Amino acid sequence: MAAAPPRTPEPPDRLREPDPDRTPPDTPGGAEGALRVRRLHCLREGTEALRDITLDIDEGEILAVVGPRGSGRSSLLGCVAGRLPVHEGEVWFGDLPVHALPEAARARMRREHVGWIGDTPRLLPELTVRENVALPLLLAGAGSRAAHRAAREWLGRLDADGFARRRPAGLTRAQRQRVAIARALVTGPTVLLADEPGAPLRGRDRLCALRALVAAARSHHITTVITGTGPELAGLVDRVVTLEDGRVMDPAPTPGAPTAPETCSLPG
């Protein structure tokens, strides 16, 4: 199975060659953006946060991981992104063994292939909205004109171009979260990980932000994992998995195929 293509000319084996005695788990269709979690255990501050988690997330799939606070949702995203150590088990991104990569290689994987959205946007206050969105591309070595053009395009797709010249202090919470979504997507990630992206919002603002995120991921075929506590994700995603006390309780598919939301104009 082919590894996820890097965004620089360096070959994927510069990250790390998989152990020749190990093979990645079977992947239906050999999807490059697929994620595979096998018998995952994770400790946080001496407590077992995840217990024997096994999940298959296919390329382009949008998965919601729900459960009460303390159920292990954030820990699961941290292990998938290589931010947290895996104490037992395996995490595969394509044919890259995330659980076995050194820290420098995990950081490079995140930089080149993973978009991250948290419950707090963490925008730089001294930069405008457009500059905040362009920043990841500039840090990756893109030219200023190309980076700002991509930022304008993503802000437009997320109906956020009307405040592109403002600074974060002049935005509502909902507007700041849309900017965070644009910033996570501007680099064209293979995988999008969103840890409670609706947490700072309420009511219609919360639902609109989640719809915009899912519409963007679906239109660009990005493998996506979103965590949350409420039922609003069920009607938007392909599948819902419930965690409780660090264990998978309900991996059943969400009935019915979700339709593209009408609140976000997103070209394919």
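## Helix H6 and its cover

Which elements cover the buried residues of H6? The cover includes two helices, H4 (144–157) and H5 (173–185). It also includes strands S3 (62–66), S6 (114–117), S7 (191–195) and S8 (223–228). The model described here is predicted.

Helix H6 runs over residues 203–219 and has 17 residues. From its first C-alpha to its last, H6 reaches 25 Å, close to the 24 Å expected at 1.5 Å a residue. The buried residues of H6 are Arg206, Cys208, Ala209, Leu210, Ala212, Leu213, Val214, Ala215, Ala216 and Ala217. Just after H6, His221 takes a positive phi of about 55 degrees.

## The chain as a whole

The protein chain has 6 helices and 10 strands. Of its 268 residues, 50% are buried, that is, under 20% relative accessible area. Among contacts with a separation of 6 or more, 70% are between residues 24 or more positions apart.

The accessible surface of the protein chain comes to about 12700 Å². Carbon and sulfur atoms account for 49% of this surface.

## Cavities

Rolling a probe the size of a water molecule over the atoms shows where empty space is left. For this model, the count comes to 3 cavities of 30 Å³ or more. The largest cavity has a volume of about 50 Å³.

Which residues line the largest cavity? They are Glu196, Pro197, Gly198, Ala199, Arg206, Leu210, Thr227, Gly228, Thr229, Glu232 and Leu233. H6 and S8 each supply at least two residues of this lining. Arg206 and Leu210, both in the lining, are also among the buried residues of H6. By class, the lining of the largest cavity has 4 nonpolar, 4 polar and 3 charged residues.

## The largest pocket

The largest pocket has a volume of about 840 Å³. It is lined by 29 residues, and the closest to its centre are Arg110, Arg111, Val114, Pro136 and Thr187. Helix H2 (103–113), S6, helix H3 (129–139) and H5 are the elements that give two or more residues to this lining.

Which element gives the largest share of the lining of the largest pocket? H3 does, with 5 residues. The lining of the largest pocket divides into 14 nonpolar, 7 polar and 8 charged residues.

Methods: Residues are numbered from 1 along each chain as its sequence is written. This is a predicted model: local features need pLDDT of at least 70, side-chain atom pairs count only at pLDDT 80 or more; totals for chains, interfaces and linings use all residues. Side-chain values use heavy atoms; hydrogens and water are left out. Helices (H or I, at least four residues) and strands (E, at least two) are DSSP runs, numbered from the N terminus. The expected span of a helix is 1.5 Å times one less than its number of residues. Buried means under 20% relative accessible area, exposed over 50%, partly exposed in between (1.4 Å probe, protein chains only). Contact means heavy atoms within 4.5 Å. Accessible areas come from the Shrake-Rupley method with a 1.4 Å probe; for residues, only the protein chains shown count as cover. On a 1 Å grid over the protein atoms alone, a cavity is a set of points where a 1.4 Å probe fits but cannot get out, and a pocket is an open set with protein on both sides within 12 Å along at least five of seven lines; lining residues have an atom within 4 Å of a point. Grid points are joined across faces, edges and corners, and a volume is the space filled by probe spheres set on the points. Ala, Val, Leu, Ile, Met, Phe, Trp, Tyr, Cys and Pro count as nonpolar, Asp, Glu, Lys and Arg as charged, and the others, Gly among them, as polar.
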